[in-house]
Amino acid sequence: MTVALTAILLSGCSTSATPEIPAGPDGEIDPELVVGRTVWSKHCSNCHGGAGQGGRGKQLNSGEIFKLYPKNEALFQVISNGKGQSMPSFQTTLSSQEIDAVSRYIREILN
C-alpha cells in the first residue's frame with residue numbers, strides 16, 4: 001500500500017516539474033534563461049506551479065500570458081510592482097536583470 005501511494009504521489013509531481021531549458025542551435029543553454037528558471041523555482045513556482053499550471057496564482061503555461069501582456073515590458077511591470085492583493089511586488093527582492101530573465105523564462109519556456 002505504501003509503495004502504491006508513493007508511486008501515485010511521485011507521478012503527480014512529475015507533471016508539475018519546473019521545465020528544463022533546451023540547448024539552442026549552437027548546443028549551448030542560454031544563461032539568462034538559466035537565471036530565469038532559478039528565479040522561477042525560488043520565487044514563483046510556489047503560487048503558479050512548477051510548470052506554470054496554476055494554483056494559488058494564475059496559470060501561466062496556457063499561452064494566455066501573451067494575450068494579457070503582449071509586450072514583455074507589461075509582464076516586467078507586474079512582476080516588479082505586483083498586482084492586486086495576490087501578486088506581490090518583487091522590485092525589492094529581485095534585480096531588473098532577474099525580472100527580465102524570469103519574464104523570458106515564462107514567455108519562452110513555460111508557454
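**Close-up views of the predicted model**

**Figure 1. Asp30 and its partner Arg104.** Asp30 is partly exposed, with a relative accessible area of 27% (buried means under 20%, exposed over 50%, and partly exposed in between, with a 1.4 Å probe and protein chains only). This is a predicted model, in which local features need pLDDT of at least 70 and side-chain atom pairs count only at pLDDT 80 or more, whereas totals for chains, interfaces and linings use all residues. Residues are numbered from 1 along each chain as its sequence is written, and side-chain values use heavy atoms, with hydrogens and water left out. The side chain of Asp30 forms a salt bridge with that of Arg104, at an N to O distance of 2.9 Å (a side-chain nitrogen of Lys or Arg within 4 Å of a carboxyl oxygen of Asp or Glu). This pair links distant parts of the chain, 74 residues apart: Asp30 belongs to the loop between α1 (2-14) and α2 (31-48), and Arg104 to helix α5 (residues 96-110). Helices are DSSP runs of H or I with at least four residues, numbered from the N terminus.

**Figure 2. The salt-bridge network around Arg104.** Glu32 also pairs with Arg104, with the closest N and O atoms 2.6 Å apart. Glu32 is partly exposed, at 30% relative accessible area. A further salt bridge joins Arg104 to Glu108, at 2.8 Å between the closest N and O atoms. These two residues both lie in helix α5, four residues apart, about one turn of the helix. Glu108 is partly exposed, at 43%. Through shared partners, Asp30, Glu32, Arg104 and Glu108 form one network.

**Figure 3. The largest nonpolar core.** This core has 21 residues, and those with the most contacts inside it are Trp40, Ile65, Leu75, Ile79, Val102, Tyr105 and Ile106 (a core is a set of buried Ala, Val, Leu, Ile, Met, Phe, Trp, Tyr and Cys residues joined through side-chain atoms within 4.5 Å). Helices α2, α4 (72-81) and α5 each supply at least two of its residues, and α5 gives the most, with six.

**Figure 4. The surroundings of Ile79.** Not counting residues up to four places away in sequence, Ile79 touches Met87, Pro88, Ser89, Phe90, Ile99, Val102, Ser103 and Ile106 (heavy atoms within 4.5 Å).

**Figure 5. Ser45 in helix α2.** Ser45 is buried, with a relative accessible area of 15%. A polar atom of its side chain lies 3.0 Å from the backbone oxygen of Ser41. Not counting residues up to four places away in sequence, Ser45 touches Trp40 and Gly50.

Methods
A polar contact is a pair of N or O atoms within 3.5 Å; within protein, one must be able to donate a hydrogen and the other to accept it, and residues adjacent in sequence count only if both atoms are side-chain atoms.
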